[in-house]
2 protein chains.
Amino acid sequence: MDPTARAAELDRADPLAGFRDRFVLADPELVYFDGNSLGRLPRAAAERLATVAGDEWGGELIRAWDHWLDLPVRVGELLGTKVLGARAGEVVVADSTTVNLYRLATAALDARPDRRTILLPRSEFPTDRYVLEGLAGARGLAIRWLDADPVEGLTAADVAAALDADVALAVLSHVNYRSAAIAPLAEITALVREAGGLVLWDLSHSAGVLNVDLAGAGADLAVGCTYKYLCGGPGAPAFLYVRGELQDELRPPIQGWFAQRDQFEMGPAFERRAGIGGWLVGTPGILGLTGVAVGVELVAEADVARIRAKAGELTAFAIEVADAWLAPLGVELGSPRPIERRGGHVSLRHPEARRRCADLIERGVIPDFRAPDSIRVGLSPLTTSFGDVARGLGVLRELLAG
Amino acid sequence: MDPTARAAELDRADPLAGFRDRFVLADPELVYFDGNSLGRLPRAAAERLATVAGDEWGGELIRAWDHWLDLPVRVGELLGTKVLGARAGEVVVADSTTVNLYRLATAALDARPDRRTILLPRSEFPTDRYVLEGLAGARGLAIRWLDADPVEGLTAADVAAALDADVALAVLSHVNYRSAAIAPLAEITALVREAGGLVLWDLSHSAGVLNVDLAGAGADLAVGCTYKYLCGGPGAPAFLYVRGELQDELRPPIQGWFAQRDQFEMGPAFERRAGIGGWLVGTPGILGLTGVAVGVELVAEADVARIRAKAGELTAFAIEVADAWLAPLGVELGSPRPIERRGGHVSLRHPEARRRCADLIERGVIPDFRAPDSIRVGLSPLTTSFGDVARGLGVLRELLAG
């Protein structure tokens, strides 16, 4: 069947199709393949931001802190229990992914003082590499680089081969930012734990699009951003997860007043409050958190299992169309073919990727370029239709066919 | 003259009176003495937030990063050069005050590896104490506590008496959060530098209300928040200042991708970009930054010298009224009397302060309570009138007179 007709059929059968109307679609002709970089604006976010600015900041003023104070923990709770498969009290929303990576990695390294090695895939997202490079340099530790297949991604065997009793910490993305390959979270977590190390997962490309199941995997530590599939807004505060049993054992390196028990008594010494709130640092950004709250509520309402199912179908359809229309024009698939091995985007490789991304944007199709040769097609299940896939890849076919 | 009549006269003569209309005054009867804790909402902020959310996030989507990317540096530049007396390229807006304190304190301690002592006033704001306590513990350093007069504040002599060749770093508030006492910034900076140490100034209670003159003082390092006199909004991103000459010498402990040269090449190793942008960390929160931009623009337009002059007059008038109306009822002044020795708020001490603050709020007068016995009266020059002072302290008089 022709991809365009097939897309229409898939859209009619899509149980999540109605969620598109919950977002602002300023230009209905635009094909947006970048919801995995900046998720679209929920209508409710625009409204709630106006309320928080106008009525709360403007009207309630300082009194609004009565209900703002626990927002990082409240939004974290919904995110943790409804989206990430964590148990109650294990997730909080605060700071940036980078700052959270630093904080949890430092705490993990402090907890394994006799080990001198950090495991890190060479294909890891830049900020993760830079943070760990900095920590390794400051502490005189070694980074052991993992070389995984650039398309198929990291396997448990890759990690097993590199593990030994000197590994303090492994820092790994659940979904690779380039290929969308899924790392086997539970299996790797078990392996590293057995070897006495800790794993810090970066969930930036899986939160809100995959079933993460942190509790089922017994994951120790995780961070991730909220502005991709969680639609929290540009630079919205990130999250962090610390398994309940580790929350007291590990020591936060940055001791701020939002982690202080009886914060407004402003006592003489730092006494960390119990629970995940003890992992807060400074004053949380309320406007940013407002966006995160709305996005997480939408994802929870849509149900992450249904979102994950649609992500599989969208990416499968994109691959089907790429095989039919683009492979003959020199495009190679840069993502795994089995549905269960990939996240919510598809990477298409072509030597002219950089130029073609610019051309696509000019034609109203917005992907991401990832150096040196990848067109990253992000398919955010709440806002991308199958029709978008057919239309967007159709434009790419026209461009490449010249 | 009766304080109420005198207030009317002062308001008529106030060159900044017109700025009140630039802010949302939802309840015109409310007396807001807490602009030093959460500054009021500028009308322009409500509008610009709607534009940034609706048109930029909603409409431009990922393309808006073209102009968002340098927002932390652009807003920092205006703040640094027009409000803080820094030179170009020395201030950036990012993260929280607490995270910035940690980052700059760590960099400073790394730069003085042979010294084992941190100077810290016992009266320092809690988050500053907690951060340094954590750093001292992790690095095996000692904190040498400075005991300053609780009302008159820290003097250069206090610092001189505690200085020696083992002091790596002093962390000091320019304006004390409780008493509003001003520390002699230039004098202390010179003293500590002469002894070979570094000073990290916390400008949270002086930014936007005093002439800070960082360049004139030759200050090395500073941080501060933007949600007080700068009216950036609840939990808005903070700022940090690093003297130009130190920017390469010091090493940021958290190496994030927003500090990377050629960020989107996503290269294999961290190469810090030149200048103050090299002190960024993760993805900046654009909604929060939008609020900061508006607030800083307003302060720059009003002119910080005029703001400082009005802060002096407002606090002087508050003290005059307190002397006349409240001293006979057991209220003691908890702030310095000479104008040049205090910032933008006045602390009033009374044994029943906690209960009286609650009563005031019920009567539509909003101060801050600071344990154990202070009513903190914040007088934000752009939004507080002399009439507010007379009305608010009049209500306190009624309450105390029973």
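This is a predicted model: local features need pLDDT of at least 70, side-chain atom pairs count only at pLDDT 80 or more; totals for chains, interfaces and linings use all residues.
Is R6(B) buried, partly exposed or exposed? R6(B) turns out to be partly exposed, with a relative accessible area of 26%, and its side chain forms a salt bridge with E320(B), where the closest N and O atoms are 3.9 Å apart. This pair ties together distant parts of the chain, since R6(B) lies in helix 1 of chain B, residues 3–13, while E320(B) lies in helix 11 of chain B, residues 304–326, and the two are 314 residues apart. E320(B) also counts as partly exposed, at 42% relative accessibility.

Let me stay with salt bridges for a moment and turn to chain A. Over all chains, a search of the whole structure finds 56 of them. One of these is between D388(A) and R20(A), at 2.9 Å from N to O, and here too distant parts of the chain are linked, with D388(A) in helix 13 of chain A, residues 386–401, and R20(A) in the loop between helix 1 and strand 1 of chain A, 368 residues apart. D388(A) is buried, with a relative accessible area of 4%. A further pair is R139(A) and D110(A), whose closest N and O atoms are 2.5 Å apart; R139(A) sits in helix 6 of chain A and D110(A) in helix 5 of chain A, with 29 residues separating them. R139(A) is partly exposed, at 28% relative accessible area, and D110(A) likewise counts as partly exposed, at 32%. There is also a network, in which salt bridges that share partners join R87(A), E90(A), R193(A), D220(A), R243(A) and E245(A).

Now to the interface. Chain A brings 70 residues into contact with 70 residues of chain B, and between them the two chains bury about 5800 Å², of which 67% is on carbon and sulfur atoms. Two salt bridges are counted between chain A and chain B, and in one salt bridge the side chains of R354(B) and E265(A) meet at 3.5 Å, N to O. On the side of chain A that touches chain B, several helices of chain A each supply at least two residues, among them helix 2 (43–60), helix 5 (97–111), helix 6 (126–139) and helix 10 (286–302). Helix 6 of chain A gives the most, with eight residues, and the residues on that side of chain A divide into 41 nonpolar, 19 polar and 10 charged.

Finally, a local view of helix 8 of chain B, which runs over residues 185–194. Which of its residues are buried? They are L185(B), I188(B), T189(B) and V192(B), and because they cover an arc of only 105° around the axis, they lie on the same side of helix 8 of chain B. The face turned away from that buried side carries the exposed residues E187(B) and E194(B). As for what the buried residues pack against, their partners in chain B are helix 7 (156–162), strand 5 (167–173), strand 6 (198–202) and helix 9 (214–217). Just after helix 8 of chain B comes G196(B), which takes a positive phi of about 90°.

Conventions
Residues are numbered from 1 along each chain as its sequence is written. Chains are lettered from A and ligands numbered from 1 in the order in which they are written. Side-chain values use heavy atoms; hydrogens and water are left out. Buried means under 20% relative accessible area, exposed over 50%, partly exposed in between (1.4 Å probe, protein chains only). Helices (H or I, at least four residues) and strands (E, at least two) are DSSP runs, numbered from the N terminus. The arc is that of the directions from the helix axis to the C-beta atoms. Contact means heavy atoms within 4.5 Å. Buried area is the accessible area (1.4 Å probe) that two parts lose on being put together, summed over both. A salt bridge is a side-chain nitrogen of Lys or Arg within 4 Å of a carboxyl oxygen of Asp or Glu. Ala, Val, Leu, Ile, Met, Phe, Trp, Tyr, Cys and Pro count as nonpolar, Asp, Glu, Lys and Arg as charged, and the others, Gly among them, as polar.
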